[in-house]
Amino acid sequence: MNNYSEKFEKMKIAGNLAARTLDMLTDHIKVGISTDYIDKLGYEFIKDNHGHSAPLFYRGFKKSLCTSLNHVVCHGIPSDRILDDGDIINIDVTAIVNEHYGDTSRMFCIGKTPVKANNLIDSTYESMMKAIKILKPGLKLGDIGHEIQNYVESKGFSVVKDFCGHGISTIFHEPPNILHYGEKNTGIELDPGMTFTIEPMINAGKYDIKVLDDGWTAVTKDKSLSAQFEHTIGITENGCEIFTKSVKGYSKPPYL
Ligand code: MF3
Ligand code: CO
Ligand code: CO
């Protein structure tokens with residue numbers, strides 16, 4: 001036992017509920033359903049499993065999860081918008097169980113999506129996993145950002161600079177900020193027991209974004225497609241633990 005094993009056990013329970021919510025949604029996502037329906041399914045699943053949805057009433061947000069379609073970078077608000085053939089969508093779920101938070105998101109492809117969109121989604125997922133694979137005590141935050149930026153730029157994509165990953169435990173967003181770009185060997189060092197998210201937002205075009213008048217929806221300025229994946233992780237003595245792994249093996253599309 002160590003002094004963070006109790007915290008990790010609780011984070012795992014919250015993370016697992018968030019992951020199972022995405023697993024459940026995967027079996028419903030298809031052409032013709034609205035993002036409000038996704039929100040309703042998510043809300044009910046989390047409630048039925050004795051958790052709470054963190055986004056609901058968070059800083060005035062009125063839905064239980066985020067649905068970010070096509071050129072929406074993050075914080076898309078569920079609405080009567082119907083999923084259409086060729087859409088790509090990120091669904092971001094944050095569950096609270098026993099005061100602890102689990103935050104995770106995945107991309108979904110609706111019907112037949114363009115090759116360019118599929119490549120963007122693949123590179124975004126790979127960049128997150130490459131960063132997770134190097135995590136261990138002593139690594140610096142800049143190394144995480146560098147790993148992600150270096151990879152996605154080599155594929156011709158760009159890293160969003162205005163949003164980042166974050167510390168998370170019994171608070172939704174806490175220090176440190178986890179930037180998805182940066183220089184090797186800069187920033188603070190990772191210590192065992194640290195818990196945070198990695199959630200790269202990657203654009204097919206330029207990295208510039210703007211937030212719409214609703215105060216939430218972030219979109220690419222050039223209207224290019226944007227993709228994101230997110231895991232909540234904890235730093236261990238010799239690596240890390242992912243708290244938000246899919247139970248059904250639904251890591252990235254296609255979810256077969
Ligand atoms: N889940 C998002 C994150 O990864 C935050 C959503 S806040 C909301 O940090 F209010 F927009 F839901
Ligand atoms: Co997050
Ligand atoms: Co999130």
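Author: A salt bridge here is a side-chain nitrogen of Lys or Arg within 4 Å of a carboxyl oxygen of Asp or Glu. Please note that the model is predicted. Asp36 and Lys63 form such a salt bridge, with their closest N and O atoms 2.8 Å apart.

Reader: Where do Asp36 and Lys63 sit in the chain?

Author: Asp36 belongs to helix α2 and Lys63 to the loop between β1 and β2, so placed that the pair links distant parts of the chain, 27 residues apart. Asp36 is partly exposed, its relative accessible area being 26%.

Reader: How many salt bridges does the whole structure hold?

Author: A search of the whole structure finds 8. One of them joins Lys248 to Asp27, where the closest N and O atoms are 2.8 Å apart. Lys248 lies in the segment after β15 and Asp27 in the loop between α1 and α2, so this pair ties together parts that are 221 residues apart in sequence. Lys248 is partly exposed at 46%, and Asp27 counts as partly exposed at 46% relative accessibility.

Reader: And what about Asp87, buried or exposed?

Author: Asp87 is buried, with a relative accessible area of 7%. Its salt-bridge partner is Arg81, the closest N and O atoms being 2.9 Å apart. Arg81 is partly exposed at 31%. Elsewhere, Glu9, Lys12 and Glu241 are joined into one network by salt bridges that share partners.

Reader: Which residue bridges the two cobalt ions, ligand 2 and ligand 3?

Author: Asp103 bridges them, and the ions lie 3.3 Å apart. Asp103 counts as buried at 2% relative accessibility.

Reader: Then which are the protein donors of ligand 2?

Author: For the cobalt ion (ligand 2) they are Asp103 (OD), His166 (NE2), Glu199 (OE) and Glu230 (OE), at 2.0 to 2.2 Å. The site of this ion is irregular too, with angles of 52 to 159° among 6 donor atoms. Glu199 lies in the loop between β9 and β10 and Glu230 in the loop between β13 and β14, so the pair ties together parts that are 31 residues apart in sequence. Glu199 is buried at 8%, as is Glu230 at 1%.

Reader: Back to β4. How many of its residues are buried?

Author: In β4, 10 of its 10 residues are buried. Asp92 is on one side of the strand together with Ile88, Asn90, Thr94 and Ile96.

Reader: Which way does β4 pair with β5?

Author: The two pair in the antiparallel sense over 10 bridges, with Ile88 opposite Cys109 in β5. They form a hairpin with 2 residues between them, and Asn98 in the turn has a positive phi of about 55°. Strand β2 also pairs with β4 in the antiparallel sense, over 4 bridges; there Cys66 has Asp92 as its bridge partner.

Key:
Residues numbered from 1 in each chain as written. Chains lettered and ligands numbered in written order. Predicted model: local features only at pLDDT ≥ 70, side-chain atom pairs only at ≥ 80, totals over all residues. Heavy atoms only, no water. Buried < 20%, exposed > 50% of the residue type's maximum accessible area, 1.4 Å probe, protein only. Pairing = 2+ DSSP bridges. Donors = N, O, S within 2.8 Å, 3.2 Å for Na, K, Ca; no water. Tetrahedral: all angles 85-135°; square planar, octahedral: opposite > 155°, others 65-115°.
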